[in-house]
Amino acid sequence: MIEVREIGRVKSKFKERKDPFEMKKHKSSLIIDKEYEEGLYRIEERDYIQVLFNFHLSQDYKLKGPTYNGEVRGVFASRSPHRPSSIGLTTVKLLERRDNELIVKGLDAIDGTPILDIKPFSLSMDDKEKEEIGNEYNKKNPRVKILKLIRAQDLKSLLIQAASLHGHFCPGLALGVMAGSYSIKKMGWRSEGLENILSIVETNNCFSDGIQYTTGCTFGNNSLIYRDYGKTAFTLTQRDGEGMRMIVKKNFYETLQRNFPEYAAIYEKVITKRENSPQLLTKFRELAQETSFAIIKYDIEQLFDIQQIETSIPEYARMHDSLVCDKCGESFMETRMAKENHQTYCIPCGNGKYHELNGEGIITKS
Ligand SMILES: [Zn+2]
Ligand SMILES: [Zn+2]
């Protein structure tokens, strides 16, 4: 028989298990029993420690099942609390020692969890090695960082990242980030970047960049479908056409004017009337940024109408052969041929009809 001793208990504001990524953002304490206090001698010299604890509330376990994000894995390939030995292991940052109390950050154990052991975490790997492991992981799961932020609903970090794609902060982008990350978390789906899930956007304004960034459905991976309805709305769907549609509430602009009057006024000047003195633009950017970060703090139901829907979705994008234009010599997709007098021409050389997606929507041109 193996004997394991309880050396203390966790003190945490979390009385029950929540999203571990959310839990890890908060401080908690390890209260070590007085009889073991001497064992903490010089622990404060360490920045990180590993805490072994007992999942005391978990009673049953399955050897294989869905993990927190819905993926099916074996118990030993997951961090599930339901395990044959009910032991948890987490590396935490040691912030402070107060006698027999260790104040830590990064622990995902609830209040009252029995602590079994503590060990200093030694970084035997150098930074280069760690970076390489990180890169290998990111190569296998390129969107892992975004998914982590979505799981933790860290909208602030997501908005900052999305703006690196979009180029500026604005309420439209903020709404897109909110809608995209909400729906991905709610549906528990993840984009493989191979059309396994699709985003159908109904506008091509700033909102759609927030959607592309958070859902991983983009113009280039054929998972972003644009329906030119001119509505600030989007649907996240799987290949069976079942999905979730979110549309910005029709009173959003009144909400914006009422709660952010300074931004609404400067928007009118800069965007509608195209007044653009350098001072005005600086102020505009400042207010747009401030407003965006304020908007992401709203409850999703305050800003969006949300419905479960079924919609028609296109087939997987087909591969087409290429042809070479008889006039300009450039190669082009065979479905885009503008034939003229038995010659094979590309669209511009043969004056063919085409569609252009621009600020006005989808425009047919020739
Ligand atoms: Zn924008
Ligand atoms: Zn040509």
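This is a predicted model: local features need pLDDT of at least 70, side-chain atom pairs count only at pLDDT 80 or more; totals for chains, interfaces and linings use all residues.
How are H3 and H5 oriented to each other: roughly parallel or roughly perpendicular?

## Two crossing helices

Two packed helices are described by the angle between their axes and the distance between the axes. Helix H3 covers residues 144-151 and helix H5 covers residues 171-187; their axes come within 9 Å and cross at roughly 85°. Angles of 65 to 115 degrees count as roughly perpendicular, and H3 and H5 are therefore roughly perpendicular to each other.

On the H3 side, the contact is made by Leu147, Ile150 and Arg151, while H5 contributes Ser181, Ile184 and Lys185.

The zinc ion (ligand 1) is coordinated by two histidines, His166 and His168, each through NE2, and by two cysteines, Cys170 and Cys206, each through SG. These donors lie at 2.0 to 2.3 Å. The angles among the four donor atoms are 91 to 133°, and the site is tetrahedral.

Along the chain, the donor residues of the zinc ion (ligand 1) follow the spacing H-x1-H-x1-C-x35-C. His168 is partly exposed, with a relative accessible area of 37%. Cys206 also counts as partly exposed, at 25% relative accessibility.

Which residues are the protein donors of the zinc ion (ligand 2)? They are Cys325, Cys328, Cys346 and Cys349, each through SG, lying 2.2 to 2.4 Å from the ion. The arrangement is tetrahedral because the four donor atoms subtend angles of 101 to 116° around the zinc ion (ligand 2).

In sequence, these donor residues are spaced C-x2-C-x17-C-x2-C. Cys328 lies in the loop between strand S14 (322-324) and strand S15 (331-333), and Cys349 lies in helix H11 (residues 347-350), so the pair ties together parts that are 21 residues apart in sequence. Cys328 is partly exposed, with a relative accessible area of 35%, whereas Cys349 is buried, at 17%.

## Two buried residues

Gly241 is found in the loop between strand S11 (233-238) and strand S12 (242-248). Its relative accessible area is 0%, so Gly241 is buried. Leaving aside residues up to four places away in sequence, Gly241 touches Ile309, Glu310, Thr311 and Ile313. Gly241 and Pro314 are 73 residues apart in sequence, yet their C-alpha atoms are 9.4 Å apart in space.

Thr291 lies in helix H9 (residues 278-295). With 3% relative accessibility, Thr291 counts as buried. Not counting residues up to four places away in sequence, Thr291 touches Pro171, Leu256, Phe260 and Tyr263.

## Two residues with positive phi

Arg42 is not a glycine, but has a positive phi of about 70°. Arg42 lies in the loop between strand S2 (27-32) and strand S3 (48-54), and is partly exposed, with a relative accessible area of 45%.

Gln153, likewise not a glycine, has a positive phi of about 45°. The position of Gln153 is in the loop between H3 and H4. At 29% relative accessibility, Gln153 counts as partly exposed.

Note on methods: Residues are numbered from 1 along each chain as its sequence is written. Chains are lettered from A and ligands numbered from 1 in the order in which they are written. Side-chain values use heavy atoms; hydrogens and water are left out. Donors are N, O and S atoms within 2.8 Å of the metal (3.2 Å for Na, K and Ca); water is not among the atoms, so sites may look incomplete. Four donors count as tetrahedral if all angles lie between 85 and 135 degrees; four count as square planar and six as octahedral if opposite donors are over 155 degrees apart and all others between 65 and 115; anything else is irregular. Helices (H or I, at least four residues) and strands (E, at least two) are DSSP runs, numbered from the N terminus. Buried means under 20% relative accessible area, exposed over 50%, partly exposed in between (1.4 Å probe, protein chains only). Axes are lines fitted to C-alpha atoms, for helices over the stretch in contact, and angles run from 0 to 180 degrees between N-to-C directions. Angles under 35 degrees count as roughly parallel, over 145 as roughly antiparallel, 65 to 115 as roughly perpendicular and the rest as oblique. Contact means heavy atoms within 4.5 Å.
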